Amino acid sequence: EQAQRKVAGDLDAVQTELAAAQRRAERAEAEAVLVRQLLAALRLAPPERDGGARRCKAGSRAPSDKPVEQLDDNQGGDGLPHSGRWQR
């Protein structure tokens, strides 16, 4: 009887592991479907206007930006027309 309980416990453990493995497989299949959908969407998306160049962090200049010395008198570093410093 003790051997039967051990076998039953082992069987339960194996079934639990099997169920977990099946859930992981289902999740992986769902992720693969999403990845394929995203790749298809990226292939259909129009190209970036800047030629796909990497974006800069906020506040830093892009390589194509004019240096500060070459800005028009009416432009600040953001390219928007304004007069000099911030006004209140």
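Trainee: How many salt bridges does a search of the whole structure find?
Mentor: The general idea is that side chains of opposite charge can pair when their charged atoms come close. In this predicted model, the search of the whole structure finds two salt bridges.

Trainee: Which side chains meet in a salt bridge at 3.0 Å, N to O?
Mentor: Those of Glu 1 and Arg 5 do. Glu 1 is exposed, with a relative accessible area of 70%, and Arg 5 counts as exposed as well, at 53%.

Trainee: Which side chains meet in a salt bridge at 3.1 Å, N to O?
Mentor: That salt bridge joins Asp 10 and Lys 6. Both residues belong to helix H1, where they are four residues apart, about one turn of the helix.

Trainee: Is Asp 10 exposed, partly exposed or buried?
Mentor: To answer, one reads the relative accessible area: over 50% is exposed, under 20% is buried, and partly exposed is in between. Asp 10 has a value of 39%, so it is partly exposed.

Trainee: How many helices and strands does the protein have?
Mentor: There is one helix, and there are zero strands. The helix, H1, covers residues 2-44, and Val 35 lies in it.

Trainee: Which residues form a nonpolar patch on the surface?
Mentor: Val 35, Leu 39 and Leu 42 form the patch, and together they have about 290 Å² of accessible area. Val 35 itself is partly exposed, at 46% relative accessible area.

Trainee: What share of the residues in the protein is buried?
Mentor: Of the 88 residues, 3% are buried. The accessible surface of the protein comes to about 8800 Å², and carbon and sulfur atoms account for 55% of that.

Trainee: What is the mean pLDDT of the protein?
Mentor: This value expresses the predictor's confidence in each residue. The mean here is 76, and 56% of the residues reach 70 or more. Over residues 82-88 the pLDDT is below 50, and this stretch has four contacts in the model beyond near neighbours in sequence.

Notes: Residues are numbered from 1 along each chain as its sequence is written. This is a predicted model: local features need pLDDT of at least 70, side-chain atom pairs count only at pLDDT 80 or more; totals for chains, interfaces and linings use all residues. Side-chain values use heavy atoms; hydrogens and water are left out. Helices (H or I, at least four residues) and strands (E, at least two) are DSSP runs, numbered from the N terminus. Buried means under 20% relative accessible area, exposed over 50%, partly exposed in between (1.4 Å probe, protein chains only). Accessible areas come from the Shrake-Rupley method with a 1.4 Å probe; for residues, only the protein chains shown count as cover. pLDDT is the predictor's confidence in each residue, from 0 to 100. Contact means heavy atoms within 4.5 Å. Patches are made of residues with over 30% relative accessible area and no salt bridge: like charges are joined within 9 Å, nonpolar side chains (Val, Leu, Ile, Met, Phe, Trp, Tyr) within 5 Å. A salt bridge is a side-chain nitrogen of Lys or Arg within 4 Å of a carboxyl oxygen of Asp or Glu.
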